[in-house]
Each structure stands twice: as structure tokens, then as C-alpha cells.
Amino acid sequence: MPRFSVIVPCFKVQGFLRECLDSVLGQSFGDLEVIAVDDRSPDGCGAILDEYAGRDPRVKVLHLPENVGLGRARNAGMPHATGDYLLFLDSDDTLTPGALAAVAGRLAETGDPDVLVFDYARTYWWGGTRRNVLAHVLAAEEGTFTAAGRPEILDLLMVVWNKVYRRDFVTAGGFAFPPGYYEDTPWTFPVMLSAGRIATLDRICLHYRQRRQGNILSTTSRKHFDVHDQYERVFAFVEARPELWRWRPYLHRKMGEHCLDILAKPDRLPPGDRAEFFRRTAEMFRTHQPEGTRAEGETRLLEGGYGAYLLRRRAAQAGREAGRRAARLRTAAGTRARRGWSAVQSRRPLDPGLVVYSASSHRGMLGDPAAVYRAAGVIAPRLRGVWVVRDEETAATLPPGTEYVLLGSRRYLEVTARAAFFVNDVNWPGALVKRPGATHIQTHQGTPLKYLGADLLDRPGARLGFDVPRMLRRADRWDYGLVACRHAELVWERAFPCHFTSVRTGSPRNDVLVGAGAGRGREFRRRHGIPEDHTVVLYAPTRRDHVRGGHVDRLDLAAFAAGLGEGHTLVVRLHPSLAHGPARGAGLAELARRGVVVDATDEPDAAEVMLASDALVTDYSSIMFDYAVLDRPIVVHADDWDTFRASRGAYLDITACPPGHVTYSQRELVRLFESGAWRDGESAALRADFRARFCEFEDGRAAERVVRTLLLGEAMPATGAARIPGPAVGADQLTRSS
């Protein structure tokens with residue numbers, strides 16, 4: 001008996017069906033069966049199903065004699081299922097890699113609950129992906145619960161395909177799908193309210209395809225009236241079970257909100273039927289209103305007539321438009337006021353002791369600016385440092401006593417108008433006016449590998465939404481740019497053909513890595529429960545610009561962690577741009593919860609993560625240049641190097657001058673660690689050459705050098721080269737200076 005029975009009803013989806021079936025049959029967890037139901041599809045679905053059944057015995061095909069619709073096609077498949085759990089997969093959707101293994105693991109952890117709810121992401125026809133906005137609900141519970149114990153579980157999208165169901169529970173409850181549209185409603189509510197044990201899995205296990213055409217719920221039709229019959233079935237189910245009567249007020253409100261949402265959609269109901277739909281909804285709302293309850297929120301619209309509904313809708317729309325106009329007027333007035341205030345401040349003299357800092361688009365005290373700020377506090381306490389942060393939440397992360405201003409505030413305008421120095425690792429907002437005598441120090445964000453700035457002009461995919469001319473106008477304000485090596489010096493002066501001077505200081509944030517002892521990083525290990533004797537492998541992938549959203553699963557993290565063996569811990573740190581997208585929901589969050597890996601994506605101090613590790617595995621992230629300062633093993637996993645270089649562009653072939661061994665498949669990567677070759681003599685020799693070239697000015701005194709020479713104007717021994725004004729290199733090639 002298989003663990004999972006995946007029921008796939010099929011009707012007019014021949015263009016998506018193979019991808020759907022491949023996503024199931026290609027799962028790493030193979031203890032499954034597919035019950036494919038051909039709902040008398042007029043296209044090639046039936047032939048595709050038979051083809052798959054002919055080559056994989058796990059596929060069973062049921063050809064229906066007539067078209068019965070989605071719900072009853074699912075019903076037809078259920079009697080043929082023999083698995084412990086049922087999963088209903090629409091034939092234009094796909095399971096994510098490793099999804100069933102993750103579900104099976106969670107079922108085992110929670111002792112085979114009645115229902116397990118997992119996460120999903122919408123994938124749009126134009127290529128975008130958006131994670132379920134209520135994903136946090138799935139991360140809130142370790143064990144099992146009931147809907148009564150955690151009613152917020154019902155706030156999730158009430159659909160059938162984001163759950164697996166214990167087959168014996170479904171059979172005992174007699175649950176089935178009715179005909180018509182919105183068939184998930186009279187299945188999901190009864191199932192969730194009846195389940196004695198519910199579990200959750202905080203992992204994106206399914207991609208829900210939002211098709212441009214062919215989406216039933218976006219088809220204009222009277223079939224949307226079916227929603228009333230579906231809720232009548234829900235009310236009848238609850239009415240027959242006194243133990244569920246507590247849910248009547250909730251379901252009454254939910255029904256009203258759902259029907260009003262359908263009515264508000266412009267593409268659902270024929271215009272001539274909208275009034276009738278409203279009247280039927282209002283009648284149903286009155287019929288099922290529990291005694292002693294009152295309509296709340298939007299459902300109060302159902303207490304009046306359709307004419308009143310239209311008037312209130314139009315008034316609301318007019319109110320929203322008036323609000324938008326008022327907001328535009330306030331913005332314009334605020335802009336004029338800020339300009340006036342800035343003009344007043346600009347007539348005041350610069351404060352020679354005022355230094356304004358920002359990092360990573362005002363995300364807190366981070367990176368090189370933070371290292372310079374801390375060094376200034378020791379070397380030049382007379383200097384006053386003020387941080388620009390984007391909001392109060394970010395301000396709360398600053399060390400106690402740190403002076404800060406909120407971006408765009410009146411105080412921000414005052415401080416930036418009078419500061420003598422600006423220290424940032426990205427560009428300042430365009431509205432900031434550089435006054436004569438002010439000095440802008442651009443620290444950058446590490447040594448570059450991939451194309452940046454003006455070099456993106458011939459990379460339309462990589463610069464999507466990126467205004468290169470505007471970026472260069474902002475970069476014209478730079479006075480100094482910090483570099484860690486001659487390679488970086490040449491790149492910055494080519495990518496940013498502006499009038500700044502490159503300063504061979506080294507990277508201030510890397511000072512802590514220079515000569516770091518084995519004891520550094522213990523606090524990170526302790527905080528994450530990593531045994532002291534474990535070998536810690538840090539995996540830090542970068543984003544992919546040729547993929548919308550930037551994330552691609554290049555490694556099976558669970559398999560890689562297992563391949564490292566006992567005595568090893570895998571730490572994963574995603575690129576900052578991927579921290580809040582679907583990347584973590586694709587498996588990282590769930591693996592971290594189970595203790596398979598440690599998720600260090602949110603750690604504010606990248607240096608602490610690096611110090612806690614014994615080796616780095618990366619693809620094309622610039623973290624490799626920082627990590628090389630530690631003189632610890634580095635492995636470059638370059639399985640899509642040609643694609644990456646063609647789409648984004650790279651200043652050097654990292655596979656030809658790597659900081660360590662290069663692997664081109666996960667199998668190669670695992671074997672490298674199994675054999676111990678990741679830290680052999682060849683690895684050390686490659687790393688030595690890499691360090692000599694790319695860690696040239698990293699001597700542990702970069703922050704001090706910036707403070708003394710650029711903020712205080714003192715003389716200090718150079719790292720081996722004088723300042724070189726840029727630009728110094730043509731845009732057609734990148735060469736090393738002597």
C-alpha cells in the first residue's frame with residue numbers, strides 16, 4: 001500500500017499535463033500512486049495519460065464515459081486510491097522538488113494526523129511567482145491541533161489542493177465533492193471542522209498555476225451562482241452536528257464575504273445577472289443569520305437593497321479616488337515644504353564633525369559603513385555619527401544610544417543638509433543634494449564578480465527595472481570609492497565612469513576576518529546549537545537574473561546535508577534579495593525547523609557567519625572574496641556557469657581562476673566532501689593564488705585607514721599603492737594594472 005495517492009483530474013490541459021505528471025513521478029519520495037482521471041477531455045489528455053501509464057506502473061488511468069466536472073472527477077478517482085493519504089492535484093499545477101519527502105517527514109513527526117496543510121506559491125503566466133501571504137500561519141505550531149484550537153487555520157485559502165488527507169479519515173467521514181463551481185467549499189470546511197488532528201508544514205510544496213486563459217473562476221458565467229448551493233451544503237453539514245454549531249456565526253460571515261467578493265469581481269458574473277446574484281445572497285444571508293448576531297464589516301451591505309449596495313460601492317470608489325487625490329496633494333505639499341526646509345538648512349554652514357551613515361538601502365548598521373562607524377567611535381570620538389534608517393522597526397535593531405534619523409523625515413533633511421561626510425555602500429536617494437565641501441565615501445558591497453553599473457547596458461535581463469543613467473547621476477556625487485584589490489579598482493572605474501577617486505584601503509567589514517583565530521564564531525555556533533566539534537559548511541548561493549524572482553534550487557539541501565555525514569553541519573545563507581520571497585518556503589524553512597540545516601539568512605552580521613564556518617560552498621556570490629581573507633577552504637559549485645555568465649555577465653571566469661575546487665554537479669560536490677579533497681593541497685594552492693590577487697589590500701586596518709585619511713585627513717602608511725583617480729580603464733576590456 002503506497003503512502004500517497006495523488007488524484008489528478010484532467011480536462012483540456014494537454015499543454016500542462018506532462019509537466020504536472022513529471023513533477024509527481026520525479027519526486028525523490030517514490031512511494032506513491034497516481035490516479036489520473038480523464039474527464040472525457042476532448043484534447044490529447046487521455047492519450048498522454050495512457051502513455052505515462054504504459055511506462056510507469058504507479059500511474060492508473062480512469063477514462064470517464066462523460067464529462068462530469070472537476071469535483072465528481074475527483075470522486076471517481078477516490079475509490080481506486082489505496083494510499084495512506086490522498087492528495088488532490090489539479091492537472092495544470094505542479095509539485096515542487098522534494099515536496100512529498102517533506103510531507104512524509106512531517107506526517108511521521110506528527111503521528112499521522114487527519115489533515116496536513118502545506119504552503120503553496122502562485123505562478124503566473126508571465127513568469128512571476130508569489131508566495132501565500134499567510135504562510136506565517138503554517139509556521140506557528142509544532143504538534144497537531146483542531147480548528148477550534150487554532151481558528152486562524154481557516155483564514156488560509158479554502159481549497160482542496162494545499163492539503164493531504166488521511167484516507168481512512170475521509171472514508172469514515174463520507175466526504176465527497178458536489179457538482180458545480182466552488183466545489184472545494186463544501187469539502188474543505190466540513191473536513192477542517194471535523195478533523196481531530198491537524199498539522200502544518202511551512203514549505204512550498206505546490207505551484208498553483210494562474211493561467212491567463214482557461215481559469216474557470218475567471219470565466220464570466222451564471223455558473224458562479226453555484227456558490228449559493230455550495231454554502232447551503234456547508235450549513236446543512238453543520239446543522240446536522242450540534243458539536244459544530246459554534247461555527248455558524250463564522251460560516252455565516254464567511255459566506256457573505258465570499259459572495260460579495262464574487263460580486264465585486266468584474267469578470268465573474270454577466271452584467272444583467274448581478275442584481276439577481278445580490279438578492280439571492282442577501283436572502284441566504286438573512287436565512288442563515290444566527291440568532292443574536294449582527295452583520296459586521298462589509299457584510300452589512302447585504303442588509304439593504306441592490307440599489308443601496310451600488311450607491312455605497314460607488315461612494316467607496318469615489319472616496320478612494322478622493323483619498324488618492326488628497327494623498328497626491330499632501331505629497332506635493334510635503335515635497336514643497338521639504339524643499340523649503342532644505343533650502344533653509346543649506347544656508348547654514350556644514351558641520352565638520354557630522355558623519356551620516358547608511359547601509360544596504362537603510363536596513364540598519366551593516367557592512368562596511370558599520371565598521372567605519374565603530375572605528376570612528378574609537379579613533380575620533382569627537383565625530384558625530386548619525387544613521388539613516390528606513391523605519392522605526394529598523395531603528396529598533398540599532399545598538400542602544402545610536403543616533404539615527406528616518407529616511408525622508410524633517411530631521412533627515414536637516415542632518416543631510418549639514419553633514420560634512422556621507423558613508424554608504426549603495427547610492428543615496430536622488431533627492432539628496434550634495435553641497436560644496438561635503439565628502440561622499442562609497443564603500444561598495446564587496447569585490448565584484450558579476451557585471452554592475454554601466455556594464456549592464458548590454459544585459460537587458462539583468463537590468464530589468466534598473467535605470468542605469470539615473471544610477472550614474474547619483475554616482476556622480478561620489479568622492480572616494482574603497483577597493484580591496486586592483487581587480488575591484490578596475491571594475492568600479494569601468495562600471496561607474498564618474499569623477500571619484502579609488503582608495504586602496506581594503507574592505508572595512510573584513511578587518512575582523514584578518515588573522516581570525518579558531519575561537520571566533522563560537523557565539524553563532526552556541527546560538528544555533530551547533531556542537532563545537534562539528535565541521536561547519538557554509539552554503540551561500542547568489543541570485544539568478546535570468547529567472548524571474550531570482551531563485552533556483554541548484555542543490556538538494558537535504559541530500560547535501562546527509563552527504564556531508566556525521567559530525568558536519570550545513571549552514572545556508574541566501575542572497576539578501578531572496579530573504580523574503582519564495583526561496584525559503586521552497587524547503588529551507590522546513591529543513592531548518594527539522595534541524596537538517598541552519599538557516600543564517602537573517603543573521604545581520606555576515607562576518608560572524610563566516611567566522612563560525614570551516615568551509616564555504618558558493619556558486620558566484622561575491623562572498624567568496626571576503627571568505628578568502630579567512631584562508632579557509634572554498635568550493636565553487638558552477639553547474640550553470642555558462643548560463644549565468646551569458647545572462648548577467650562576469651568580469652572573470654571564476655572556473656579558470658577559482659579559490660578552490662570547482663564542481664559541476666551535486667554528485668561531484670558530495671564526493672568532494674566524502675573524499676576529504678575539499679581541503680587538500682590543491683585546494684590550498686588555488687586559494688593562495690586567489691588571495692594574492694583578490695585580497696591584496698586586506699591587512700585588517702581598512703576601517704582605521706578610512707577614518708584617519710578620509711574623515712580626519714591624517715597621513716597613514718598605504719597598503720602598497722597610492723590613490724589612483726578614475727576612470728582609468730576603457731569600457732571594452734578589463735585588465736590588471738601593474
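In this predicted model, 36 aromatic pairs are counted, a pair being two rings of Phe, Tyr or Trp (its six-membered ring) with centres within 6.5 Å, whose planes count as stacked if under 30 degrees apart, edge-to-face if over 60 and tilted otherwise. The model is predicted, so that local features need pLDDT of at least 70 and side-chain atom pairs count only at pLDDT 80 or more, whereas totals for chains, interfaces and linings use all residues. Residues are numbered from 1 along each chain as its sequence is written, and side-chain values use heavy atoms, with hydrogens and water left out.

The ring centres of Tyr 451 and Tyr 651 lie 4.8 Å apart with the planes at 45 degrees, and the pair is therefore tilted. Tyr 451 belongs to the loop between strand 14 (439-442) and helix 14 (468-475), and Tyr 651 to the loop between helix 21 (641-647) and strand 22, so parts 200 residues apart in sequence are tied together by the pair. Helices (H or I, at least four residues) and strands (E, at least two) are DSSP runs, numbered from the N terminus. Both tyrosines, Tyr 451 and Tyr 651, are buried, that is, under 20% relative accessible area, with exposed meaning over 50% and partly exposed in between (1.4 Å probe, protein chains only). A tilted pair is also formed by Trp 492 and Phe 496, at 5.9 Å centre to centre and 40 degrees between the planes; both of these residues are buried.

One aromatic cluster comprises Phe 88, Tyr 165, Phe 169, Phe 175, Phe 177, Trp 187 and Phe 237. Over the face of Phe 237 lies Arg 241, 3.7 Å from the ring centre; a charge sits over a ring if NZ of Lys or CZ of Arg is within 6 Å of the ring centre and within 35 degrees of the ring normal.

An open sheet is built from six strands in the order 19-18-17-20-21-22, with parallel pairing; two strands pair if DSSP finds at least two bridges between them. Strand 19 (598-599) and strand 22 (662-663) are at the edges with a single partner strand each, so one side of each lacks a neighbour in the sheet. Strand 21 (residues 634-637) pairs with strand 22 in the parallel sense over two bridges, and Val 636 stands opposite Val 662 in strand 22. Helix 17 (residues 557-564) packs on the sheet, touching strand 17 (535-540), strand 18 (568-572) and strand 20 (615-618), where contact means heavy atoms within 4.5 Å.

Definitions and conventions
Axes are lines fitted to C-alpha atoms, for helices over the stretch in contact, and angles run from 0 to 180 degrees between N-to-C directions.
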